[in-house]
Amino acid sequence: MWEENFDKEQEVGSELDYSPVSWSEYFEQMEDVVVGPADSRDVFRVYRSGSQGPLLVLLHGGGHSALSWAVFTAAVLRRVTCRVLAMDLRGHGATDVRQAGDFSTSTMSSDVASVVRACYGEAPPPVVLIGHGVGGAIAVHTASNVNVPNTVGLVAIDVVEGTGSAARLQTLLG
């Protein structure tokens, strides 16, 4: 894996290998999770690993996919007993939804809650929402609206300041 080979010196002039790697090198499962009423179902691509401990719900940044969490997932699972759920957000990756252009925090937070509920039921294990960029804003919105039961932690990485400030203000004002 990349992380393990990072410190090894490359021979000058040697070719780096940029060929694609499989999701299965980093995650245990890939599945398409169907949510919503029968007449208008949305399908979200998710990647999962781990079977015990708290659930880390990983939300990627704009223009990325759940696979941007691959190296993080492999590294964290070597160090911590936990479960990981990384999902392709609406309009990204292999997700297929009716209103792919609806990027409102309300809709995307509902998507996160629906996917967690579809995968873990109404009482999921303790949840830590971790988001990068727009995923961080969605994580803040999801946590502040208590969309996902058993949320015990929140990590927002590199959230656009205006978005992060607005989400914090909304949380404070209720």
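**Exercise 1. What is the strand order of the open sheet of six strands, and what is its pairing?**

Solution. The model is predicted: local features need pLDDT of at least 70, side-chain atom pairs count only at pLDDT 80 or more, and totals for chains, interfaces and linings use all residues. Residues are numbered from 1 along each chain as its sequence is written, and side-chain values use heavy atoms, without hydrogens and water.

- Step 1. Take strands (E, at least two residues) and helices (H or I, at least four) as DSSP runs, numbered from the N terminus.
- Step 2. Count two strands as paired if DSSP finds at least two bridges between them.
- Step 3. Read off the order: β1-β2-β4-β3-β5-β6, with mixed pairing.
- Step 4. Find the edges. β1 (29–35) and β6 (151–157) each pair on one side only.

**Exercise 2. Describe how β1 joins β2.**

Solution. 

- Step 1. β2 spans residues 42–49. Seven bridges link this strand to β1, and the two run antiparallel.

**Exercise 3. How do α3 and α4 pack?**

Solution. 

- Step 2. α3 (residues 105–120) and α4 (residues 134–144) make an angle of about 75 degrees, and their axes are 9 Å apart.
- Step 3. Classify. Roughly perpendicular covers 65 to 115 degrees. α3 and α4 are therefore roughly perpendicular to each other.
- Step 4. List the contacts (heavy atoms within 4.5 Å). T105, S106, M108, S109 and V112 of α3 meet I138, H141 and T142 of α4.

Notes:
Axes are lines fitted to C-alpha atoms, for helices over the stretch in contact, and angles run from 0 to 180 degrees between N-to-C directions. Angles under 35 degrees count as roughly parallel, over 145 as roughly antiparallel, 65 to 115 as roughly perpendicular and the rest as oblique.
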